[in-house]
Amino acid sequence: MTLAVLGGTALFAVPQHVGGPIVEADTRERFHALADDAFARNHLTNNGPLAQRLEEEIARRHNCPHAVFVANATLAQMLLLRALELDDGEALVAANTFVATPHACEWQGLTPVFCDLDPDTLALDPGDAERRLTPRARCLIPTHVFGVFADMERLADLARRNNLVLLADAAHAFDCTRGEAFAGGHGVPEFLSFHATKYFSTLEGGAILTADAGLAERLRSLRNFGFTASGDAALPGLNAKGSEIAAAFGLASLPALPERWQRLRDIHDIYRNALRDVPGLRIHPVDAAGRNNYRYFSLFVEDAFPLPRDAVVQVLRRENILARCYFHPGCHRLGRYRDSGGTLPNTERALDRILSLPTSFVETDGEAAARSIARLFHDMAERAGEIMDWWKREGGRGEPRTA
Ligand code: T4K
């Protein structure tokens with residue numbers, strides 16, 4: 001097969017996305033039925049029965065006493081920071097995260113201080129965070145990248161010794177564990193994203209998991225304009241409620257998860273088996289220390305591979321494979337935060353090499369697609385000289401797709 005950059009036809013007729021929503025036919029059917037029920041009740045939002053049921057289901061499957069369903073994970077973090085009265089000083093965050101994490105800090109009056117990553121987990125490195133502590137530090141917010149948990153024990157220890165609040169961005173970590181512990185099971189609040197691109201979705205949505213009943217109550221008040229049970233607007237709340245239609249989509253998706261998980265895991269296995277022995281490719285081990293949801297398959301294009309990562313991304317793009325480079329170039333290099341964090345060598349090294357491949361596919365058989373994509377890497381290695389000539393003719397163009 002000839003690569004498209006060398007004159008062949010693109011592997012896929014339609015673009016294959018990383019993060020394209022996963023919606024099975026029976027999920028759609030269940031959703032329509034649940035949405036019809038909501039319309040029949042004429043109860044469409046404001047803590048309706050579907051939102052309450054979704055909260056119970058999310059809490060149960062994460063083995064956590066409370067799940068507070070909200071409109072998205074960005075608002076989840078903002079509400080959480082407000083509920084914990086973290087409203088000035090510094091928040092130590094990973095630079096290897098979506099920009100929503102530092103943005104939510106800023107909304108709450110906290111200055112994000114970017115920390116380097118742990119090369120194993122790709123999450124905030126406790127040692128680096130400790131070196132960056134100042135008297136203004138108030139909290140630590142690691143992100144569990146691709147569902148691989150940060151070192152919560154070391155971070156909890158760091159927090160304890162320095163009187164910091166620990167919480168975690170578990171946007172990627174629905175149904176994932178570190179050992180036996182799910183998000184919400186580390187003794188600190190953690191928040192999930194249910195965005196359409198995630199493993200589990202409510203189209204837009206998110207939830208905060210916590211074992212603290214008082215905190216859950218404050219969060220429920222804050223997501224509803226600060227109203228308390230007595231009807232008083234005691235807290236300066238927001239409107240962050242999840243609608244019945246969003247909850248319906250989430251509830252409709254839950255029964256699909258066992259098969260979805262297996263499908264994603266099979267795709268992972270195909271990629272991993274086909275790519276693990278390719279010199280210069282290093283696969284990010286998502287299941288090294290617990291259960292993963294396999295939503296993301298990511299690998300590092302190391303210097304030993306005969307093509308640079310950005311050339312690989314462009315070769316894939318010409319095949320209609322829209323590989324992503326999460327979270328290139330790092331939050332500390334994005335406009336608003338540039339110059340704020342100095343250099344973060346591990347983060348920069350990882351983000352200059354990583355790419356994520358599609359794990360769900362449109363209009364094509366997923367397993368066959370994954371096999372074909374993996375084969376492309378072998379083709380790229382074999383024809384690297386010709387590809388480099390093409391890449392130079394193109395002017396080494398093509399910024400990696402960021403997130
Ligand atoms: N913390 C972390 C670690 C996060 O990753 C995120 C969100 C957050 C916090 C905040 O969570 P939320 O407030 O969003 O709940 C996405 C999402 O908007 C965002 O939720 C996500 N992380 C972030 C990493 O990425 P994009 O820029 O990837 O969206 P987009 O439109 O480029 O879609 C991705 C691919 O999927 C595209 O190739 C197109 C395809 N797609 C997408 C959508 C939405 C479809 O085919 N259909 C669709 O409906 O932002």
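A disulfide is a pair of cysteine sulfur atoms within 2.5 Å. In this predicted model, the number of disulfides is 0. Cys115 takes part in no disulfide, and the nearest cysteine sulfur, that of Cys139, is 11 Å away. The points below take up the cysteines, the ligand and the backbone in turn.

**Cysteines**

- The cysteine sulfur closest to that of Cys331 belongs to Cys105, and because the two are 10.0 Å apart, they are too far from each other for a bond.
- Cys331 counts as buried because its relative accessibility is 0%.
- Cys115 also counts as buried, since its relative accessibility is 1%.

**The ligand and its surroundings**

- The ligand is found in the largest pocket.
- Around the ligand there are 24 residues, of which the closest are His17, Thr74, Asp169, Ser193 and Lys198.
- Two helices, helix 3 (73–83) and helix 4 (100–107), each contribute at least two residues to the shell around the ligand.
- The side chain of Asp169 has an N or O atom that is 2.6 Å from a nitrogen atom of the ligand.
- In the side chain of His172, an N or O atom is 3.1 Å from an oxygen atom of the ligand.
- Arg324 places a polar side-chain atom 3.1 Å from an oxygen atom of the ligand.
- On its own, the ligand has 920 Å² of accessible area, and the protein covers 75% of this area.

**Cis peptide bonds**

- Most peptide bonds are trans, and most residues other than glycine have a negative phi.
- Tyr326 and Phe327 are joined by a cis peptide bond, with an omega of about -15°.
- Phe327 belongs to the loop between strand 14 (321–322) and helix 11 (345–351).
- His328 and Pro329 are likewise joined by a cis peptide bond, for which omega is about 0°.
- Pro329 is located in the loop that runs between strand 14 and helix 11.

**Positive phi angles**

- Asn47 is not a glycine, yet its phi is positive, at about 55°.
- Asn47 is found in the loop between helix 1 (25–41) and helix 2 (49–61).
- With a relative accessibility of 37%, Asn47 counts as partly exposed.
- Asn63, which is not a glycine either, has a positive phi of about 55°.
- The loop between helix 2 and strand 2 (66–70) contains Asn63.
- Asn63 is exposed, because its relative accessible area is 65%.

Methods. Residues are numbered from 1 along each chain as its sequence is written. This is a predicted model: local features need pLDDT of at least 70, side-chain atom pairs count only at pLDDT 80 or more; totals for chains, interfaces and linings use all residues. Side-chain values use heavy atoms; hydrogens and water are left out. Buried means under 20% relative accessible area, exposed over 50%, partly exposed in between (1.4 Å probe, protein chains only). A residue is near a molecule or strand if one of its heavy atoms lies within 4 Å of it. A polar contact is a pair of N or O atoms within 3.5 Å; within protein, one must be able to donate a hydrogen and the other to accept it, and residues adjacent in sequence count only if both atoms are side-chain atoms. Accessible areas come from the Shrake-Rupley method with a 1.4 Å probe; for residues, only the protein chains shown count as cover. On a 1 Å grid over the protein atoms alone, a cavity is a set of points where a 1.4 Å probe fits but cannot get out, and a pocket is an open set with protein on both sides within 12 Å along at least five of seven lines; lining residues have an atom within 4 Å of a point. A molecule sits in a cavity or pocket if more than half of its atoms lie within 2 Å of its grid points. Helices (H or I, at least four residues) and strands (E, at least two) are DSSP runs, numbered from the N terminus.
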